[in-house]
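Open the model in your viewer and keep the sequence panel beside it.

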Amino acid sequence: MTQETATNPQAIGDREPIAPSDWEHPSPPTDLIFDDGEPLESNRHRIAMNVLIRSAQQALLPRPDSFVGGNMFVYYSRHQAMNRDFRGPDFFAVLGVEGDRERQGWVIWEEGGRYPDVIIELLSPSTASVDRGVKKDLYEQTFKTPDYFIFDPFDPDSLAGWRLDLTQGYQPLSPNDRGWLWCETLGLWLGTWEGAIDREPMTGTCHWLRFYDPEGNLVPLPEEAAQQQAERERQRAEQESQRAEQERQRADRLAERLRELGIDPSAL
C-alpha cells in the first residue's frame, strides 16, 4: 500500500464509499414452488387432514378473519425459499388475517410477518422423527407457533401437544380424563373420535383426530352440520304436526260435546 492510498481512502479504485442508505435489500424470491408432487402417506392421512381443515373452518365461521390450510408450503425466509427447503404442515390455522384471500401457500412476507398460530402434523413412519425433532424445533424457535400437536392416524394413543412458553419453549400439554388436549388459541379440544369417514376404513371403524367445543361436543364437518340442521327441521315439523293434530282432536271433542247439548257447532 502506498502512502497516498493509506492516507486517502478515495484513492482505492478511485471510488466513493457506498453509503449504507444506498444498499438495496434483496427482493424476496418470486419463483416459489407450491407443489412438490409428493403424495400424502396414505388415503387415511389425506382424509384425516381434510377432516381437521373442514371442521376447523366450521368452528371458525364466526371468525371471518381466520385462515385454515393444510399440506401447503409455508415460506418464511429468502434462504429457505432459495434452497427449496419445503415446509408444509398437514394442518395450520392463523387468526387475525384476511380470511377470504386466495392463497397457493402461506408466504410470511406477504402476510405481514404472520406465522401459523396452530399446527398439527399427522405422523407416519417416514416423517415421525422429523415431526418430533426438526419441525418441532422450527415451529418453536422460528415460527413461535403457540400450539403444536402431532397424531398418527393409525395409532389412537399417539396424540401429543405442546404450548409455547416464550421463556422456556414448548411445554407438553396434559390430557383431560378423556385423553383430549386443549388448544388454547382456537378455544377447542383435540381428541379422538371413532367411526368411518369417506369409506375409510373400508370395513369397521378407526380413530380420527377431531375438534370438540369447550363443552365437549364434537365439532361437525359441514355435511354433518347440514344433516343435524335437517334433523332439527324434521323434528320441528313433526312437533308442529303433533300440535296441529292435538288441536284438531280437541276441536272434535268440543264439537261432539256441543252436539250432545243440542247445539250445532257450525252455528256458533
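Select glycine 161, a residue of strand β7. The model is predicted, and in it glycine 161 has a relative accessible area of 4%. Is glycine 161 buried or exposed? Glycine 161 counts as buried because its 4% falls under the 20% cut-off.

Now show what surrounds glycine 161. Leaving aside residues up to four places away in sequence, glycine 161 touches Tyr148, Phe149, Gln171, Pro172, Leu173 and Leu181.

Next, select helix α5, residues 134–143. Which residues of α5 are buried? They are Lys135, Lys136, Leu138, Tyr139, Glu140 and Phe143. In an α-helix, residues three or four places apart point the same way, because there are 3.6 residues a turn.

Colour the elements that cover the buried residues of α5. Strand β7 (155–165) is one of them, and the cover also includes β2 (74–75), β5 (118–122), α4 (128–132), β6 (147–152) and β8 (169–172). Then step just past the end of α5 to lysine 144, where phi is positive, at about 55 degrees.

Finally, zoom out to the protein chain, which has six helices and eleven strands. Of its 268 residues, 38% are buried. Taking contacts between residues at least 6 apart in sequence, 55% join residues at least 24 apart.

Note on methods: Residues numbered from 1 in each chain as written. Predicted model: local features only at pLDDT ≥ 70, side-chain atom pairs only at ≥ 80, totals over all residues. Heavy atoms only, no water. Buried < 20%, exposed > 50% of the residue type's maximum accessible area, 1.4 Å probe, protein only. Helix = DSSP H or I, 4+ residues; strand = E, 2+ residues; numbered from the N terminus. Contact = heavy atoms within 4.5 Å.
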